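Subject: Structure handover, salt bridges

Hello,

The structure is placed just below.

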Amino acid sequence: LLFGYLTGEAWKGASLSEERGEARKAISRGREQGTAANPRKAMKQPQSVQSENSGGHIPTVRDATRVWIPSFNSDENLRSYMRAILTDQKYKTWKPRRGIVYVKTHKTGSSTVTTILHRLAITHNLKCPVPFGKPGHTFDLSNKTIQDEVKSSLQSWTGHKFPFDMWVNHVTFSPFIFNLVPSASDFAFTTLRDPATRVPSACRFFKCCPYDVNNPNVFFNFASGSQMPRFLDKETGFCRRDDSSTDLAGARPNEPSFDDKYANLEKRISSGSLLPLVTERMEESILVLMNEFDLFPLDAAFQSMKAKSPTVEAPFDPIQARAFNKKLRRVVHAIRSQHRHDWRLYQIANATLSQRLQKLYPVEGELDQQLVALRDMNDRLSRVCEDLGPSDLKEINDTCKRLTEDNVAWILDHNPYKDPGTIWIPPRK
């Protein structure tokens, strides 16, 4: 077991079933709930993409209700597919079936999703607002002053003010967000992460609570002792109690309105007006996102933007390892207890995601096939981008650049504001 479990680095590799058990139960319970639907007849799947040199063609990637990722038999076939689709006028002028509102919260895999949406905005000329202030700034849209400032000053990368086609910035939710993106028709999505991995990740990234990557006991002692409850009561920076729930509900847990707003948050999820995706199930989440907005498969391709960090291995000695694992169980339980609303939302998100996947892929094997196709497309696209040559189209070069363009780089490259002080410029190293 790696200490990196707590920051998500070793989620897939951890072997201690009890420590991961509750989160895995949340995932598996959702999958079991999703199997209630009756399987329907399998739809015809798209043909494999053939090389232009072999007389192939762009396959149909949509059926009556779903978007399918085609199978690419080689890197050259993907390159040929990109040449064809990136120069197709229908592709360039495509618009999503409705406006896109991403209720972006901190340390939940939002960088990966944001990169997909930023690329979508540039590729299809969608009005996507560029945030002013520091990257990571959270717009509290429940605040009337902030609302007025956003309406009067916020601009998309195209230089337009609201209404926008999409919202992808960090935000504290308010129904006002649908005034900014009216074409969203009151629908939004978000990403949720197990607080047992999100909290230490926030501590490390924002440096807002005790954390030492070289000494796990620093965070272990903080999280499992009496320090953390007192610390959370102070509402320190991004290390807040129920941080995701706070931004999604639009109120802090210590505010009188929180219970009602949180209850309304769960109602929005159950009614389908808020779609919660799951960080630890990013590939499945991207498949749902692709179908929700009728994206082209190429637009759903992604490279993980997760920053890699050093991990600390558990002691090799069996006796020391048992003590380490026991302490880890205490830490995980303590974090989830102190962030009980976030933990409950995470369980609901897993169940909701599984139900959506079951409706999309009711026939056994369909989901696995599409997951394989997504991974294959991502891997091949990465290799194509590493092997660009002078004969490659500008559109392919641009797609490759945007594939890994992080939030800060995107803001700097697409700054619409005439005043250079409007956005934060990182200091030179």
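A salt bridge is counted here when a side-chain nitrogen of Lys or Arg lies within 4 Å of a carboxyl oxygen of Asp or Glu. Please keep in mind that this is a predicted model. A search of the whole structure gives 24 salt bridges.

Helix H5 covers residues 144-153 and holds both Lys 144 and Asp 148, which are four residues apart, about one turn of the helix. Their closest N and O atoms are 2.9 Å apart, and the two form a salt bridge. Lys 144 is exposed, because its relative accessibility is 52% and the cut-off for exposed is over 50%. Asp 148 has a relative accessible area of 33% and is partly exposed.

In helix H16 (residues 366-386), Asp 376 and Arg 380 are also four residues apart, about one helical turn. Their side chains form a salt bridge with an N to O distance of 2.9 Å. Asp 376 is partly exposed at 22% relative accessibility. Arg 380, at 14%, is buried, since buried means under 20%.

Helix H17 (residues 394-403) contains Lys 394 and Asp 398, again separated by four residues, about one helical turn. The salt bridge between these side chains has an N to O distance of 2.6 Å. Lys 394 is exposed, with 60% relative accessible area.

Finally, which residues are linked in a network of salt bridges? They are Glu 76, Arg 79, Arg 83, Asp 387 and Asp 392.

Regards

Note on methods: Residues are numbered from 1 along each chain as its sequence is written. This is a predicted model: local features need pLDDT of at least 70, side-chain atom pairs count only at pLDDT 80 or more; totals for chains, interfaces and linings use all residues. Side-chain values use heavy atoms; hydrogens and water are left out. Helices (H or I, at least four residues) and strands (E, at least two) are DSSP runs, numbered from the N terminus. Buried means under 20% relative accessible area, exposed over 50%, partly exposed in between (1.4 Å probe, protein chains only).
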